[in-house]
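Please open the model in your viewer and follow the stops below in order. Each stop says what to select and what is there.

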Amino acid sequence: MANYGLGTLAQQQARLYPEMIRSCRMRSLAAAVAGLLCACTGTHHPTDTVAPPEEWPTMYTPPTETTVLSTLRSGHPKLIQLDKDIDAITARVNEDPVPAGYLAALRTKGDNMIAAPVSERVLVGPRLLAISRTVLDRVYTLALLYRLGHEQPYLDRARAELLHVAGFSDWNPSHFLDVAEMTHAFAIGYDWLYPALSAEDRAIIRDAIVQKGLLPAQQAYQAGAWWTGDAFNWNNVCNGGIAVGALAVADEEPTLAAWLLYRNIKNLPAALASYAPDGAWAEGPAYWGYATQYTVAMFAALNTALGTDFGLSSLPGLAEAGFYRVSVVGPTGKFFNFADSRENAGADGSLLFLGHRYDQPLLAYQERLYAGTAGSHHDLMWYDPRGTEADILAVPTDTWFRGADVVLLRSSWVDPFATWVGFKGGDNQANHSHLDLGTFVIDALGQRWAMELGPDDYNLPGYFGAQRYTYYRLGTRGQNTLELDDANQDENAAAPVTFFFRDDNGARAIADLTAAYRAGGAARVMRGMALLEGRNRVLLRDEITTSKPVQLVWSMHTQATIAVSETIATLSLGGKTLQAELLSPPGAVFTWTDVVINPPETPATGIRKLQVMLTGVTQTDLTVLFTPEGAPTSAVVPRPLDGWETGGPVQ
C-alpha cells in the first residue's frame with residue numbers, strides 16, 4: 001500500500017494543501033488498513049454483524065477496475081433515491097404527520113431559495129467550501145421538492161444554479177474538499193433532474209462534472225495526493241463526493257468512472273478504519289458528522305446504482321457509529337465538542353441511514369428528537385418511524401469509546417436535567433486535535449457548566465500549521481485540564497484510558513496523562529472522573545508526581561457567574577446553581593478570572609475560568625467535587641486512584 005501523506009509526498013502536497021500538513025500522521029492505523037487491503041480477496045458475504053479483523057477478507061471484497069461497473073443500473077435517476085423511493089416518501093407524507101411536517105419545512109426553505117441569487121465563485125481564505133455547501137444544499141432541496149411535486153419553479157431554480165456554477169473557472173482543486181462537495185451537488189442535480197432537463201442542459205452539467213470534478217480527481221490520484229488514503233475526514237469526503245459524481249455519469253463516461261470508482265472504493269477503508277472498533281471519531285463529533293455524511297452518501301449511491309457497496313458498510317466500527325453520535329450529545333443538546341467541534345449538535349440525517357442499515361431503531365428515535373418539526377432533506381428521504389423511548393432506555397448510560405479514548409457518563413438518557421459528563425484521554429496527533437488530553441464537560445440541571453470553547457477561525461495565520469497551538473482555544477490553557485509551568489501539552493502525546501467501570505449506582509474512568517507533561521518534568525499524571533452513587537454528583541481527581549518543582553494550574557471554563565469562598569465555588573447559570581468543592585490538597589483555594597481573547601482571535605464573551613494554582617509542586621493530589629443544587633450534600637472522602645478499581649472513588 002502506498003505510504004500516503006508521508007515523506008517527500010507530503011512535502012509535494014504541502015504546496016497544494018498547506019493547511020493540512022500536520023493532519024497526515026496516521027500512526028499504526030495505516031499499517032492495519034494496508035494489511036486489510038492486501039488481504040481482501042474471496043467471496044463477499046454481507047452481514048450486519050461487525051466481525052473481528054481476521055474475518056474482514058470475507059466481508060469486504062473490492063472490485064477491479066474492469067468489474068466495478070458490471071452491475072450499473074441503466075438510466076436516471078439511479079443515485080440514493082430511486083423513483084420508487086420518491087413514491088414511498090409521498091405515501092409516508094400522506095400517512096404520518098412527522099414527515100409531512102418535514103416536507104412543509106422543506107417547502108418553506110425551497111421557496112426562500114427560489115428568491116435567492118445564484119451562487120458566485122467567492123473564496124474565503126483558500127476555500128470555496130462555503131459556496132460548494134450552499135450549492136449542495138440548494139440542489140438537494142430543490143431537486144427533491146421537484147421530484148415530489150413536479151412544480152416548475154423548483155426545477156427552474158435548481159437548473160439556474162447548476163448552469164451558473166457550471167460556468168465557474170474551476171471548483172478550486174487546490175482545496176479538494178471544495179471540488180468533492182461541488183461534484184456531489186452536480187451529481188445529484190444531473191441524476192435527479194435528468195428526465196426534466198434538455199439535452200443541452202444535460203451536456204453542460206455533465207461536462208462540468210467531468211472537467212471540474214472527475215478529471216481533477218484523476219489528476220490528484222495520479223499525483224499521489226495525500227487525501228486519497230488519509231485516515232480522516234478528507235478521505236471520506238473526497239472519495240465519497242467523487243464516487244457519487246462518477247456514478248452519475250458512468251453511462252456516458254464509463255472508462256473514467258470505472259478508473260475513479262475502483263480507487264475510491266479501494267482507498268475509503270483507510271478512513272473507515274478510524275471508526276473501529278466502536279464507532280468513535282478522534283477528530284471530534286462535528287467531524288464525525290462530516291465524515292459520516294459522505295460515507296453514507298457513498299454507500300447509498302453505490303447500493304442504488306450498483307446494487308452493492310462491496311462490503312464497505314460491514315467493516316468494523318460502522319455498526320456502532322450511530323450510537324457514538326447519540327452518546328456524545330448531552331442533555332443540553334450540546335456536543336462534548338473536543339477538537340475543532342462546535343457545541344450545538346442539532347440533527348444529523350446520517351443516523352437514519354445507519355439505523356436502517358444496522359437495524360437500530362433507537363437511532364431513528366433519537367434523530368426525530370433532534371430534528372423536531374424541521375427535518376432536513378435527509379430526514380425526509382430516510383424517515384424511519386421506528387424506535388421509542390424504550391429503545392434508548394435499554395442501552396447503558398455510560399460508555400467508554402476505546403477508539404478515541406472518550407468516556408461519556410450520564411444519570412439518565414431521557415431526563416433533560418440529567419447529570420452528564422464527557423471526559424477524554426485521546427491522542428494529540430489526531431487530525432483537528434487541540435492540546436486537550438484530560439479535558440471534560442459537565443451538564444446538569446439543563447445547563448452546560450464546564451464547557452469546551454471549540455475551534456477558532458480557520459483562516460487565522462498558521463491555524464493548521466506552526467501557529468496552531470499559540471491560539472487560546474487550541475492550546476492547553478484553553479482546555480479544562482492541567483498546565484505545568486504554563487506550558488502546552490506535548491503535541492505528540494497520547495493519553496490512554498486505563499480503567500473504566502459502571503454499574504447501576506455510578507461510573508468512573510481513569511486516564512493516564514503522563515506523556516502529555518513528561519517534557520515538563522512529570523513522572524506520573526493521572527486523572528479520574530466519577531459519577532458518584534445516585535448519579536448526580538461528579539468527582540474529579542488528579543494525582544501528579546514530578547521530578548522537579550513545578551507550578552500546577554487546574555482550569556475549568558464556564559459561562560456561569562462564579563462566587564468563590566476559598567475551597568467553595570458557587571456557579572450560577574440559567575437560574576440554577578452548582579457547587580464546586582475543593583477537597584484536596586490542604587491549603588489550596590479556588591480563584592477565577594474572565595477569559596480575555598484578543599483579536600485576530602475570536603473574543604470570548606461572558607466566559608470565565610475557575611482555577612486552582614499550586615506552586616513548588618513535586619507530588620500532590622487535587623480533587624474537586626461538583627454538586628448540582630438539590631443533590632445530596634453529604635461529605636465525601638475521596639479514595640486514591642489506585643483504589644478506584646477495587647473500592648470505588650470514595651471511602
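Select Asp485: this residue is partly exposed, because its relative accessible area is 37%, a value between the limits of 20% and 50%. The model is a predicted one. Asp485 sits in the loop between strand E7 (482-484) and strand E8 (494-495). Although Asp485 is not a glycine, its phi is positive, at about 55°.

Next, select Glu566, in the loop between strand E13 (561-565) and strand E14 (568-573). Glu566 also is not a glycine and has a positive phi of about 55°. Is Glu566 buried or exposed? Its relative accessibility is 58%, so Glu566 counts as exposed.

Now show the backbone from Ser584 to Pro585, where the peptide bond is cis, with omega about 5°. Pro585 belongs to the loop between strand E15 (576-584) and strand E16 (590-594). Another cis peptide bond runs from His76 to Pro77, with omega near 0°. For Pro77, look in the loop between helix H3 (56-59) and helix H4 (83-95).

From there, select Thr304, which lies in helix H13 (residues 285-306). Thr304 has a relative accessible area of 12%, so it is buried. Which residues does Thr304 touch, not counting those up to four places away in sequence? They are Arg73, Lys78, Leu79, Ile80 and Leu82. Display the side chain of Thr304: it reaches the backbone oxygen of Lys78 at 2.8 Å. A polar atom of that side chain also lies 2.8 Å from the backbone nitrogen of Ile80.

H13 gives the most, with 8 residues. By type, the lining of the largest pocket divides into 24 nonpolar, 11 polar and 14 charged residues.

The last stop is the largest nonpolar core, with 136 residues, of which Leu79, Phe186 and Leu312 touch the most other members. H13 supplies the largest share of this core, 13 residues. Select Phe186 and its contacts beyond four places in sequence: Val135, Leu162, Val165, Ala166, Trp171, Ile205, Ala208 and Ile209.

How values were computed
Residues numbered from 1 in each chain as written. Predicted model: local features only at pLDDT ≥ 70, side-chain atom pairs only at ≥ 80, totals over all residues. Heavy atoms only, no water. Helix = DSSP H or I, 4+ residues; strand = E, 2+ residues; numbered from the N terminus. Buried < 20%, exposed > 50% of the residue type's maximum accessible area, 1.4 Å probe, protein only. Polar contact = N/O pair within 3.5 Å; in protein donor to acceptor, adjacent residues only side chain to side chain. Contact = heavy atoms within 4.5 Å. Nonpolar A, V, L, I, M, F, W, Y, C, P; charged D, E, K, R; others polar. Core = buried A, V, L, I, M, F, W, Y, C linked by side-chain atoms within 4.5 Å.
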